[in-house]
Amino acid sequence: MVGVVRRDVHAEGVGGGVGLTALMVAAARAIETRRRDSLARDVYAEHFVRAAPASAGWPVRMEQVPDGDENPLWGRFARYFGLRTRVLDDFLLRSVHAGARQVVLLGAGLDARAFRLEWPSDCVIFEVDREGVLAFKHDVLDGLSAVPKSARVPIPIDLRGDWVGALTDAGFQPGAPSVWLAEGLLFYLPRLAETYLIDTVDRLSTGGSALAFEVKLEKDLWEYRDSPIYTSTKHQIGIDLLALFAHGARPDSAGELAGKGWSTSIHTPFDFTRRHGRGPLPEHNDALAGNRWVFASKPAR
């Protein structure tokens, strides 16, 4: 992996709002990659962080964090993202080895899975996100001469637009098994947008398909406004997550899928902390307490 990454106008796609959270997750993945007990490796993450003016000074390894793992943002929260990355990596690879050959990353952000995971040679990775985000990612990866491990199809469109038409026009085949991922996405979508997305994934998925997504169960997110994760993220890097999240009652998307015949399982992140022997555990005033990771599969007919 060689080359010089340039900074240009495409950094606007990750320079603020939800786009900036993609850089935060990239920094967390970079830190995770450098840990001796790493749960997931992403050698591209550090380059994304360094290429964007908004994040150029952020840490990309734990040695750059003065209070280390005691830091709520770059310690506990970053470890959460490392755990999430590992769990969802495993889910995607299990799904393709079970027969799915279409992978759809909804709100792909700075996800580099097409480049860092070992995919079957006939797999196709569709990355759906806003044009500015994907353009920034392309600039960085092109500067590194990065080569995807399987066919990769970027789809530059906002999920508020006709992403279904763009996806099918790009070659997605509803009649073939697929695996879908909405990682760190649904928090930011209004209730109706989440319902539409889940209904659409069901409509476009044939038997043998799978889906993973992340939701929050809290009825009132503001009850956790003083949580160390939220306050440290706001004060250290200027991201006010509570202002970005969609508020109000959330749909029961797992229940909706179960009603449509999908097999679903719901887990807390702490379930996987215990499974892997590392990661965040519950604590007082915990912004992660309501997070749930949902895994669903559509039985083959």
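## Largest pocket

Helix 1 gives the largest share of the lining of the largest pocket, seven residues. Helices here are DSSP runs of H or I with at least four residues, strands are runs of E with at least two, and both are numbered from the N terminus. The model is predicted: local features need pLDDT of at least 70, side-chain atom pairs count only at pLDDT 80 or more, and totals for chains, interfaces and linings use all residues. Residues are numbered from 1 along each chain as its sequence is written, and side-chain values use heavy atoms, with hydrogens and water left out.

The largest pocket holds about 860 Å³ of space. Its lining counts 49 residues, and Val18, Gly107, Gly184, Leu185 and Tyr188 lie nearest the centre. Elements that each supply at least two lining residues include helix 3, strand 1, strand 2, helix 7 (191-204) and strand 5 (210-216). A pocket is an open set of points on a 1 Å grid over the protein atoms alone, where a 1.4 Å probe fits, with protein on both sides within 12 Å along at least five of seven lines; lining residues have an atom within 4 Å of a point. Points are joined across faces, edges and corners, and the volume is the space filled by probe spheres set on them.

Seven strands make an open, mixed sheet in the order 3-2-1-4-5-7-6. Strand 3 (151-156) and strand 6 (263-267) are at the edges; each has a single partner strand, so one side of each lacks a neighbour in the sheet. Two strands pair if DSSP finds at least two bridges between them. From one strand to the next, the twist averages 15°. Helix 11 (residues 269-276) packs on the sheet and touches strand 6 and strand 7 (291-297), with its direction at about 85° to that of strand 7. Axes are lines fitted to C-alpha atoms, for helices over the stretch in contact, and angles run from 0 to 180 degrees between N-to-C directions.

Strand 1 (residues 102-106) and strand 2 (residues 124-129) run parallel, joined by five bridges. Val104 faces Phe126 of strand 2 across this pairing. Strand 4 and strand 5 also run parallel, with four bridges. There, Leu181 stands opposite Ala212.

## Strand 5

Val96 belongs to helix 3 (residues 72-97). Its relative accessibility is 0%, so Val96 is buried. Beyond four places in sequence, Val96 touches Arg101, Val103, Trp119, Pro120, Cys123 and Val179; contact means heavy atoms within 4.5 Å. Pro177 is 81 residues from Val96 in sequence, yet their C-alpha atoms are 9.1 Å apart.

Ala170 sits in the loop between helix 6 (163-169) and strand 4 (178-182). At 32% relative accessibility, Ala170 is partly exposed. Its contacts beyond four places are Phe126, Val153 and Ile155. Ser38 lies in the loop between helix 1 (17-34) and helix 2 (45-51). A polar atom of the Ser38 side chain is 2.8 Å from the backbone oxygen of Ala40. Beyond four places in sequence, Ser38 contacts Glu32, Thr33, Arg79 and Arg278.

How values were computed. Buried means under 20% relative accessible area, exposed over 50%, partly exposed in between (1.4 Å probe, protein chains only). A polar contact is a pair of N or O atoms within 3.5 Å; within protein, one must be able to donate a hydrogen and the other to accept it, and residues adjacent in sequence count only if both atoms are side-chain atoms.
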